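Please examine the model shown below. The paragraphs that follow lead through a pocket, a sheet and some side-chain contacts.

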Amino acid sequence: MQTKPFRIGTRGSPLALAQAHETRDRLMAAHGLPAEMFEIVVLSTMGDRITDRSLSEIGGKGLFTEELEDMLTSGGLDFAVHSSKDMPTKLPDGLFLSAYLPREDARDAFVGRTAAKLLDLPQGATIGSSSLRRQALIKRLRPDIEVVIFRGQVDTRLRKLAEGQVDATLLAFAGLKRLGKDDVPTELLDPEIFPPAPAQGAICIESRIGDEKVNALLEAINDIRTHEAVTCERAFLATLDGSCRTPIAGYAISDGEALRFSGMILTPDGSQSFRVATEGKASDAEQLGARAGNDIRIDAGPDFFSSWT
């Protein structure tokens, strides 16, 4: 019988802490355990410490996970809680994504200061964002708009917007909802026109392969529909060698036994894009995502991808 608290690793931002507490609360409810049986361990990652440059400049998604994964591998943590879209497609040896919480709304939220909608911004307006996907999608819709590098926690970005540093910014609606800021967006962007990042809106839990006690604990809160959808999206991303250096969008919906996926790749300036759509059995989620990645790679041709490097 477990007597020591389970150690939950997380970053220290308000959003990361909200996600860790949601995970803890779901585990408490699923197993009838008291709060004392869980210890939330906060770590600072390089991605948290370096906020003046885009992720593509300083190394990509692993900057938000490396410290947590090192401590997880060494046994200093029992499991770690992450935003799924921050996770590299290749994980360290011995670790895997063992559970997903029910997915929140995956749409991007537009927060406008000088206009309530993206398409209503004045000519030559500025938008703050560090995401290459968002930059490319913005440019695809509005080539006249200037995208300014905008990083930091949610409140930091909203403060910069309020100070007038830019005309608007984009944030994941899921994160705003988890922080109780549902009223902040001035527009929610249609995923058909502005598709989300793969795994956006989903919280994942990373643990050690073979740790039967911890993985049995986590299995009780795994949301199978989210697990299937995100598995498909991550397979699409992995097939395209996707990272923070690549403008890639992808969104899957698992509905009973069926799964539907749509994906998009873009050049960083948004001038070229390709779409793919597929559907099949939810149990084949990984294969569906990989096939969609191969199909869109063939459609785009080898010259398309040279713009990413």
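Which residues line the second largest pocket? In this predicted model, the lining consists of Thr 89, Lys 90, Leu 91, Phe 96, Leu 97, Tyr 100, His 227, Thr 231, Arg 234, Ala 235, Ala 238 and Glu 286. Two or more of the lining residues come from each of strand E4 (95-100) and helix H9 (224-239). Helix H9 makes the greatest contribution to the lining, with 5 residues. Sorted by class, the lining comprises 6 nonpolar, 3 polar and 3 charged residues. The volume of this second largest pocket is about 310 Å³.

The description now turns to a sheet. Three strands form an open sheet in the order E11-E12-E13, and their pairing is antiparallel. Strand E11 (248-255) and strand E13 (273-281) are its edge strands, each pairing on one side only. With direction ignored, neighbouring strands of the sheet are turned by 10° against each other on average. In general, strands of a sheet pair through backbone hydrogen bonds, in either a parallel or an antiparallel manner. Here, E11 pairs with strand E12 (residues 258-266) in the antiparallel sense over 8 bridges. Within this part of the sheet, Ala 249 stands opposite Met 264 in E12.

How many aromatic pairs does a search of the whole structure find? The search finds 3 aromatic pairs. A charge over a ring is also present: the charged end of Lys 160 sits over the ring of Phe 150, at 5.4 Å from the ring centre.

Conventions:
Residues numbered from 1 in each chain as written. Predicted model: local features only at pLDDT ≥ 70, side-chain atom pairs only at ≥ 80, totals over all residues. Heavy atoms only, no water. Phe/Tyr/Trp six-rings, centres within 6.5 Å; stacked < 30°, edge-to-face > 60°. Lys NZ or Arg CZ within 6 Å of the ring centre and 35° of its normal. 1 Å grid on protein atoms, 1.4 Å probe; cavity = no way out; pocket = protein on both sides within 12 Å on 5 of 7 lines; lining within 4 Å. Points joined across faces, edges and corners; volume = space filled by probe spheres on them. Helix = DSSP H or I, 4+ residues; strand = E, 2+ residues; numbered from the N terminus. Nonpolar A, V, L, I, M, F, W, Y, C, P; charged D, E, K, R; others polar. Pairing = 2+ DSSP bridges. Axes fitted to C-alpha atoms, helices over the stretch in contact; angles between N-to-C directions.
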